[in-house]
Number of protein chains: 4
Amino acid sequence: MIELTEKSLRNVIVKRPRNSHKGSFGRVVIVGGNAEYGGAAILATTAAVYAGSGLVTVACHLSNHTALHARLPEAMVVDFDDLPTLTEALSTADVVVIGCGLGLERLDLLTEVLSALTGTQKLVIDGSAITLFSENNLKLRFPQNTIFTPHEMELQRLSGLKIGCQYADRVQKFVNQLGATVVAKSSETKIFSPSQEIYFLTIGTPAQATGGMGDTLAGMISGFLAQFHGEVRETVAAATYLHSFIAQDLAASQYVVLPSQIIEQLPKMMKRFEC
Amino acid sequence: MIELTEKSLRNVIVKRPRNSHKGSFGRVVIVGGNAEYGGAAILATTAAVYAGSGLVTVACHLSNHTALHARLPEAMVVDFDDLPTLTEALSTADVVVIGCGLGLERLDLLTEVLSALTGTQKLVIDGSAITLFSENNLKLRFPQNTIFTPHEMELQRLSGLKIGCQYADRVQKFVNQLGATVVAKSSETKIFSPSQEIYFLTIGTPAQATGGMGDTLAGMISGFLAQFHGEVRETVAAATYLHSFIAQDLAASQYVVLPSQIIEQLPKMMKRFEC
Amino acid sequence: MIELTEKSLRNVIVKRPRNSHKGSFGRVVIVGGNAEYGGAAILATTAAVYAGSGLVTVACHLSNHTALHARLPEAMVVDFDDLPTLTEALSTADVVVIGCGLGLERLDLLTEVLSALTGTQKLVIDGSAITLFSENNLKLRFPQNTIFTPHEMELQRLSGLKIGCQYADRVQKFVNQLGATVVAKSSETKIFSPSQEIYFLTIGTPAQATGGMGDTLAGMISGFLAQFHGEVRETVAAATYLHSFIAQDLAASQYVVLPSQIIEQLPKMMKRFEC
Amino acid sequence: MIELTEKSLRNVIVKRPRNSHKGSFGRVVIVGGNAEYGGAAILATTAAVYAGSGLVTVACHLSNHTALHARLPEAMVVDFDDLPTLTEALSTADVVVIGCGLGLERLDLLTEVLSALTGTQKLVIDGSAITLFSENNLKLRFPQNTIFTPHEMELQRLSGLKIGCQYADRVQKFVNQLGATVVAKSSETKIFSPSQEIYFLTIGTPAQATGGMGDTLAGMISGFLAQFHGEVRETVAAATYLHSFIAQDLAASQYVVLPSQIIEQLPKMMKRFEC
């Protein structure tokens, strides 16, 4: 196992080339946000924008569009029940995130995304989409381009390994079969990729144990994948490290750290580690 | 009578354990916010999140969902007229708040909450729910887990003691019969618990005498009860003290202190008193 | 003519009594905000809250409720087409503002307000309500409790005095007949009351010449009238002076000063002049 | 070719005359913002207000009104499908912007604007309106009052010059025929006017390569044109220079610069260059 350090950030956050435009930094589509959990999609979308993706679209329940725009005019909105528009958005995406506040009733959207994506697109599967994936024994067409971000209960559903028995070697064995990268979130988050050494974090804080944190991480990962084109697992590791790094930094003066507060710090913190 | 001091905060706001997750800090459900008084529910919900509850859901009139999410993507929303979803949310709550902007026409929701809760859940009854409780002679099934937060007129309705005659011994006698904790809000707020010495506050400021302050206090109390597991009255006292402490601190440089401003200070102020 | 100075603020902004509650600082009802000009009502309402009114309700077009609450959960909302609820709100108001974004099609609401108010309530008539009042030759039942806040074109409509001919003595003569206080807004704002010396401002800045400024002033005046109980004209003068004072202060470092920015400064600036 | 410097700002941003009112600084109408791209119209509108236009109205899809007002109560809203109201708004405008999030399905609105405007009004054509203009071979009635703000692909559509072949002399030749001012956005933005020397920017940063930046520039240009009455190309050059200047300034400490952050800096930055 390899402990992640600030070096993971310096390796990934490269200086932007002078001759670039918004297309250079990738298109992200976030699929999530039903009528009850719209905030999750808002957080993921905001994280993707603040992390530097060039163009971000959220496909969510229509009732969330106004709140999204009231917070973030920088993103575009699609009704996730408008399949033609969603399909078109997916076709132009460099990275797709599915699951942030999606809800367990939307298996249709997960299968749509899984079948629509091509081998040149990345896919982040978070939250309820992990549960849907697990319970319906779905398959990945391009596991090497796929990232799962389960917390412990979701990892149990995904891997069959019960909480308390999610030992690193067992999870690694599961990930080798799965073929995808897995960010196993806990108070000791680890990142697994097939046949690779495990990354683990020693930073992070209980102050960040609050609703919406996972959605924020998923959005950050998508923003990193959209613009940084090194190995998937290095890019995912950098985003995950930065998420906990900012939380820990804020926790020096805050008893609780909110997802929105982490997002706000992204532009400055990324500058700090630009290399 | 015992004067509350900063010590009440240091006793309650414990350092968070390293090995924790959002579930460790409790689930709060806020029931309130009709079409006219949606802001009250928004303030209570925001206070619960900023005070550190792990997961917060607001059950309110559908017309308030967008404004809530535009301010606070960290919370989840339920339509308070969707009884099955509300019932499910209540069943998973550690703490329920009812009354912030609920309105006097929703006796049905108060009786639903009173009958749905079990002996392991806490209940905060605020605002119009106090009036409804009083006028309909409702009963508590678990008074020891219940907190009322009346202002003087609401205390009159609840106890029958007229404003001007709410002497501490008379209120204490009433509280002994009621069996619940009562935060009697006034310019000299007192906290009563059955057969306990009375707590009183000497801090606070007329700058905080503005609409929404009570809702903010109710939300803070719920956030404290969700994550801190000492005696109810100590936890309630700490939240109440912190509310006035922040108001007084801000009033040093402000003629008026708004509820939203108190809420924003919570993460830093709680850190200051973490012990 | 008397030049207003900071003294006008010190005379009005008294230290709040310790033994007070939100009712002590008055109830304001703002009537305005049609579907097109909702922002005007939002600004007036926000100004009333930040200026320290204890309880503020806005009666506006239903389509503005969500935006209002997304910015200001501290206020309550009423649909201005729900006459019974509006009438009830008006009956409890200490101060009513009508006109901020009301639109010229709502004569019905102006006549409703004029007939509903009693001699113990104050009334601020702003924006389109001034035009409606003028064009329909309406009458005031309690002119001594009424404040008009016209800009030059509205003063022309109200008084018949054309722009360029609005000399102080002529306006004073008109005001003596009208019986109300008139804040004549221009680059040299003056305040007229029947048979009183004229107040004039030498502060203010062209940086504040932007949409929404008048609505903000109307809201501030209402907040002052709700909580300060000296002579109407002194209270109105103080609010008007403070509005320009903050604008001028911000204009030292800003080319443009937005209404929202003035509002944000109110709590601190009022503290500065508290006496 | 002439390199733009801070002098372009000092020449244009004149000290505001003391004797002025909101009408002195012009009326802007922004036409854009369909259901999917409402954020673009919100950003353009906000930029116009913060850049100092006296009165700003946005004509967009009804679903965007609430989000707009939640962010910016200083602007007025019109449903862009309410033609009579839109026509009236257009008739009073000093500057019209069309295209920010308009969408390719609204040729009707572009032709309406092109035919409604008179020779005393300015017109900024941005985003999808450039594509519509190009694909439908539309004509300008008053090219000397018209500004196009294409990025490279839009310039290809407008001029027929392919990306990679948009050499300055060829674009200039095209602009001489077009008769309008063209802000050719790229990592080396240039401003062309008929038979004038070309302006070019050496400032700007890849940190600003993110969705919504073009909309923000269009809004800023409209705000400048509304209040500054020198030559069109000088005014447009100043707004364009300021946009990149602020972005570069923020990029000193941020890896990504968001449009909203540029807008917030406008009042202070314009003060800095006031002359």
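Modeller: Let's begin with a term: buried area is the accessible area (1.4 Å probe) that two parts lose on being put together, summed over both. Between chain C and chain D that comes to about 2,600 Å², and carbon and sulfur atoms give 57% of this area. Before going on, this is a predicted model, where local features need pLDDT of at least 70, side-chain atom pairs count only at pLDDT 80 or more, and totals for chains, interfaces and linings use all residues. Residues are numbered from 1 along each chain as its sequence is written, chains are lettered from A in the order in which they are written, and side-chain values use heavy atoms, with hydrogens and water left out.

Counting contacts (heavy atoms within 4.5 Å), chain C brings 33 residues and chain D brings 35 residues. On the chain C side, Glu36(C), Pro206(C) and Tyr255(C) lose the most area to chain D, and together they make up 28% of what that side buries.

Now for the helices, which are DSSP runs of H or I with at least four residues, numbered from the N terminus. α2 (38-50), α3 (65-71) and α11 (259-273) of chain C each put at least two residues into the side touching chain D. Of the elements there, α2(C) gives the most, with five residues.

And salt bridges, meaning a side-chain nitrogen of Lys or Arg within 4 Å of a carboxyl oxygen of Asp or Glu? The count between chain C and chain D is zero.
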